[in-house]
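Please take a moment to look over the sequence and the model below, and keep both in view while you read. The paragraphs that follow go from one part to the next, with a question to begin.

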Amino acid sequence: MRRTYNYRVVMVKGTNELDMRGRCSAGQKVLASIIIRLALAETFCVNCGVIALDEPTSNLDQDNIESLADALSDLIKERRKQKNFQLIVITHDETFLTMLARSESVEYYYRVKKDDSGCSKVFRNCLKGLDGPTAGDRRDGLSATGRR
């Protein structure tokens, strides 16, 4: 016999629970989906070392992007003690990177760019002092093969 589970997503305001069905925007639904996935990974993948998010800020408004950055910062601080933890975020959202930089829980990020010959290169960038889309000086330039 196949099991089924019913659940509901609620928003807590003070001491009241508000059912999210029919009350939230598309961005809030996306954010709730990301949070539920992170909670499931945390629950069922004990000592899971890798969490990957692909374009997590798509369809999110500014407030929800900030909430996501705060939640990820808290997750990083909590998991920092875990030796095998890695958070992989694939994003084109420079503002999101800036928000993560402000949290001081993320030290660097990698940027993939094509060089003049069309080859992909990976650059390690420092997040400290990241002020905008062009900040973050190149540190280590690596080709897609890992050679300098």
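How many residues lie between β5 and β6 in the hairpin that they form? Before answering, bear in mind that this is a predicted model. There are five residues between the two strands of this hairpin, and in the turn you will find G118, whose phi is positive at about 90°. Strand β5 covers residues 108-114 and strand β6 covers residues 120-126, and the two pair in the antiparallel sense over seven bridges. In this pairing, K114 stands opposite S120 of β6.

E94 itself counts as partly exposed, with a relative accessibility of 21%.

Two cysteines also deserve a look, C119 and C126. Are they buried or exposed, or something in between? C119 has a relative accessibility of 43% and is therefore partly exposed, while C126, at 19%, counts as buried because the limit for that class is under 20%. As for disulfides, the structure holds zero.

Next, turn to the loop between β3 (50-54) and α2 (62-79), where E55 is found. The phi of E55 is near 50°, which is a positive value in a residue other than glycine, and E55 is partly exposed with a relative accessible area of 23%. N59 lies in this loop between β3 and α2 as well, and its phi, near 70°, is again a positive value in a residue other than glycine. With a relative accessible area of 59%, N59 is exposed.

Finally, consider the surface, where Y7, I36, L40 and F44 make a nonpolar patch of about 480 Å². F44 has its place in helix α1, which runs over residues 26-44, and its relative accessible area of 64% makes F44 an exposed residue.

Technical notes: Residues are numbered from 1 along each chain as its sequence is written. This is a predicted model: local features need pLDDT of at least 70, side-chain atom pairs count only at pLDDT 80 or more; totals for chains, interfaces and linings use all residues. Side-chain values use heavy atoms; hydrogens and water are left out. Two strands pair if DSSP finds at least two bridges between them. Helices (H or I, at least four residues) and strands (E, at least two) are DSSP runs, numbered from the N terminus. A disulfide is a pair of cysteine sulfur atoms within 2.5 Å. Buried means under 20% relative accessible area, exposed over 50%, partly exposed in between (1.4 Å probe, protein chains only). Patches are made of residues with over 30% relative accessible area and no salt bridge: like charges are joined within 9 Å, nonpolar side chains (Val, Leu, Ile, Met, Phe, Trp, Tyr) within 5 Å. Accessible areas come from the Shrake-Rupley method with a 1.4 Å probe; for residues, only the protein chains shown count as cover. A salt bridge is a side-chain nitrogen of Lys or Arg within 4 Å of a carboxyl oxygen of Asp or Glu.
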